[in-house]
Amino acid sequence: MITVAIHRIVSGGYMDKEFKRKLKFNIVSMLIVWIGSAALLYPFIADYQAQLVMNIAVSKLDDTVQHTTSQALLKARKAAQEYDDNLFGIPLHDPFSQDAGYVIPKNYNSVLNLNGDGVMAQLLIPEIDVNLPIYHGISEQSLANGVGHVEYTSTPYGGKNRHSFLAAHRGLPNRVLFTDLNKLHKGSMFYIKVLGETHAYKVNNIQVVKPEDFVATRPESGKDLVTLVTCTPYGVNSHRLLVTGQRVAFKQKELQSLQQDYKLTGMRLVYVLMIVLSVILFILSIVRFVRFLRQGKQQI
């Protein structure tokens, strides 16, 4: 019956001008609500899609490692260790500034690159639901698809007398990445899966510095360190947040905590609230429009 009323309106049937004006207003209002709802949904959908793509990259690396011989993995580990041994004395400045640092060693892109796609390893931070591939370098392409390994620092394979820097964006509209990195604290744990091994790191230092004051520290004797780098404050990006972890023994019982589901933490919780709000607005707009048409039907 409602469709009959709409048909009569469209076909020029009897309807007073006031009702026609209200009809146009309601249609425009409903379209605005629908467009707004779609805009609210976009960040969640984009982040979910991006995470799926990054999960595929990680799964592909896992599959390659499982099908690589122990001799080939040993060779890859030695290559990473040799590369790191040649990095002493090379300083690094702010990784988010262009032309930071010096010339990259010629064999950089071949180290920890089993698939030839630039994925070096996998970073997991269960506390803030981070499960990301680690790429060579900090180009925009690397930072758009996961975590970038900062050139001129030790590779994420680690080892004694090593200090690796890993950078990622924060606060992107379509990706979470390191958005919740500020929620880590001393004692927080993160993990790097590389060449079939899982390395555990315990946060022991957190600091905020200005870009011009950022200088990657040299490896500390006997220590295996990894520093996670991102911009801060959120949305301002005037400083750099540095979260450093020292390698500790990895316990098998921790494996269960590394099963990364799509959790509702941080920005993803905000996205879900946006979805709920979008659905409510969408339903209300339809209910309001249906009521309006029923009122119009009674005038026919």
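Buried means under 20% relative accessible area, exposed means over 50%, and partly exposed lies in between, with a 1.4 Å probe and protein chains only. By that rule Tyr-83, with a relative accessible area of 2%, is buried. This is a predicted model, in which local features need pLDDT of at least 70 and side-chain atom pairs count only at pLDDT 80 or more, while totals for chains, interfaces and linings use all residues. Residues are numbered from 1 along each chain as its sequence is written, and side-chain values use heavy atoms, leaving out hydrogens and water.

**View 1. The protein chain holds five helices and eight strands.** Helices (H or I, at least four residues) and strands (E, at least two) are DSSP runs, numbered from the N terminus. From the N terminus on, the elements run α-α-α-β-β-α-β-β-β-β-β-β-α. The chain has 300 residues, and 43% of them are buried.

**View 2. Eight strands close into a barrel.** The order is S1-S2-S3-S4-S7-S8-S6-S5, and the pairing is mixed. Neighbouring strands of this sheet are turned by 30 degrees against each other on average, direction ignored. For such angles, axes are lines fitted to C-alpha atoms, for helices over the stretch in contact, and angles run from 0 to 180 degrees between N-to-C directions. Two strands pair if DSSP finds at least two bridges between them. Strands of a sheet pair through backbone hydrogen bonds, either parallel or antiparallel. S1 (residues 119-125) and S2 (residues 130-136) pair in the antiparallel sense, over six bridges. There, Ala-121 has Ile-134 in S2 as its bridge partner.

**View 3. Strand S4 is largely enclosed by the rest of the structure, because six of its six residues are buried.** Arg-162, Ser-164 and Leu-166 point one way from S4. His-163, Phe-165 and Ala-167 point the other way. S4 pairs with S3 (residues 147-149) in the antiparallel sense over two bridges. His-149 stands opposite Leu-166 in S4. With S7 (residues 224-232), S4 pairs in the parallel sense over six bridges. Here Arg-162 stands opposite Asp-224 in S7.

**View 4. Asp-84, Asp-85 and Arg-162 are linked in a network of salt bridges.** A salt bridge is a side-chain nitrogen of Lys or Arg within 4 Å of a carboxyl oxygen of Asp or Glu. The structure holds six of them. Arg-162 forms one with Asp-84, the closest N and O atoms being 3.4 Å apart. That pair links distant parts of the chain: Arg-162 is in strand S4 and Asp-84 in helix H3, 78 residues apart. Arg-162 is buried, at 7% relative accessible area. Asp-84 is buried too, at 2%. Arg-162 also meets Asp-85 in a salt bridge, 2.8 Å from N to O. Asp-85 lies in helix H3 and Arg-162 in strand S4, so this pair ties together parts 77 residues apart in sequence. Asp-85 is partly exposed, with a relative accessible area of 44%.

**View 5. The side chains of Lys-183 and Asp-180 meet in a salt bridge.** The N to O distance is 3.7 Å. Lys-183 counts as partly exposed, at 45% relative accessibility. Asp-180 is buried, at 6%.

**View 6. The structure holds three aromatic pairs.** Rings of Phe, Tyr and Trp (its six-membered ring) pair if their centres lie within 6.5 Å; planes under 30 degrees apart count as stacked, over 60 as edge-to-face and the rest as tilted. One of the pairs joins Tyr-83 and Tyr-108, with ring centres 5.8 Å apart and planes at 40 degrees, so the pair is tilted. Tyr-83 is in helix H3 (residues 70-85) and Tyr-108 in the loop between H3 and S1, 25 residues apart. Tyr-108 is buried, with a relative accessible area of 3%. Phe-190 and Tyr-201 form a stacked pair, 5.5 Å centre to centre with 10 degrees between the planes. Phe-190 lies in strand S5 and Tyr-201 in strand S6 (residues 197-209), so the pair ties together parts eleven residues apart in sequence. Both Phe-190 and Tyr-201 are buried.

**View 7. Leu-172 lies in the loop between strand S4 (162-167) and strand S5 (189-194).** Leu-172 is partly exposed, at 26% relative accessible area. Its C-alpha atom is separated by 9.4 Å from that of Asp-47, 125 residues apart along the chain.
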